[in-house]
Amino acid sequence: MAWHSSTRRARLPADWPRRRRRILRRDAHSCQSRFTDGRLCGAPANQVDHIEPGDDHSDSNLQALCEWCHTRKSSSEGGRAAALTRVRTHRPKPTHPALED
Ligand SMILES: [Zn+2]
């Protein structure tokens, strides 16, 4: 239980490879991610994700994810910001009387 949490980033327990396999088996190698409409992704999973990021490596905080969902989860904040920027920069160019001959 007392896993030293002095470094916050990616400190995996010594038995991580075994634990990883166990989680994938528990979740039947099926992606546990849910879409906003509540549908389970269910794609073949080969990744193990921390539901709450941090140092909790207990089984209840781990889930199997497919690569796509894992990437999407890891970069969801950045992705949303980029999408907003893209929309905002797509304005029609304003015409100005001074620019006309
Ligand atoms: Zn998925």
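Of the 101 residues of the protein chain, 12% count as buried. The model is predicted. Three helices and two strands make up its secondary structure. Along the sequence they follow the pattern α-β-β-α-α. Among contacts between residues at least 6 apart in sequence, 45% join residues at least 24 apart.

**The strand pair**

- Strands β1 and β2 run antiparallel.
- Four bridges join β1 to β2.
- One of the bridge partners in β2 is Leu-65, which pairs with Gln-47.
- Strand β1 spans residues 47-50, and strand β2 spans residues 62-65.

**Both faces of β2**

- In a regular strand, side chains alternate between the two faces of the sheet.
- Strand β2 is covered on both faces.
- Leu-62 and Ala-64 are buried on one side.

**The nonpolar core**

- Nonpolar side chains tend to be buried together in soluble globular proteins.
- The largest nonpolar core here has nine residues.
- Its members are Ile-23, Cys-31, Ala-45, Val-48, Leu-62, Ala-64, Leu-65, Cys-66 and Cys-69.
- Strand β2 gives the largest share of this core, with three residues.
- Which residues does Leu-62 contact, leaving aside its neighbours within four places in sequence? They are Ile-23, Val-48, His-50, Ile-51 and His-57.
- Of these contacts, Ile-23 and Val-48 are also listed in the core.

- Ala-28 has a phi near 55 degrees, a positive value in a residue other than glycine.
- Is Ala-28 buried or exposed? Ala-28 counts as exposed because it has 11 C-beta neighbours inside 10 Å, and the cut-off for exposed is 12 or fewer.
- His-29 also lies in the loop between α1 and β1.
- The phi of His-29 is positive, at about 50 degrees, although His-29 is not a glycine.
- His-29 has 14 C-beta neighbours inside 10 Å, so it counts as partly exposed. A buried residue would need 20 or more.

Terms used
Residues numbered from 1 in each chain as written. Predicted model: local features only at pLDDT ≥ 70, side-chain atom pairs only at ≥ 80, totals over all residues. Core = buried A, V, L, I, M, F, W, Y, C linked by C-beta atoms within 7 Å. Contact = placed C-beta atoms within 7 Å. Pairing = 2+ DSSP bridges.
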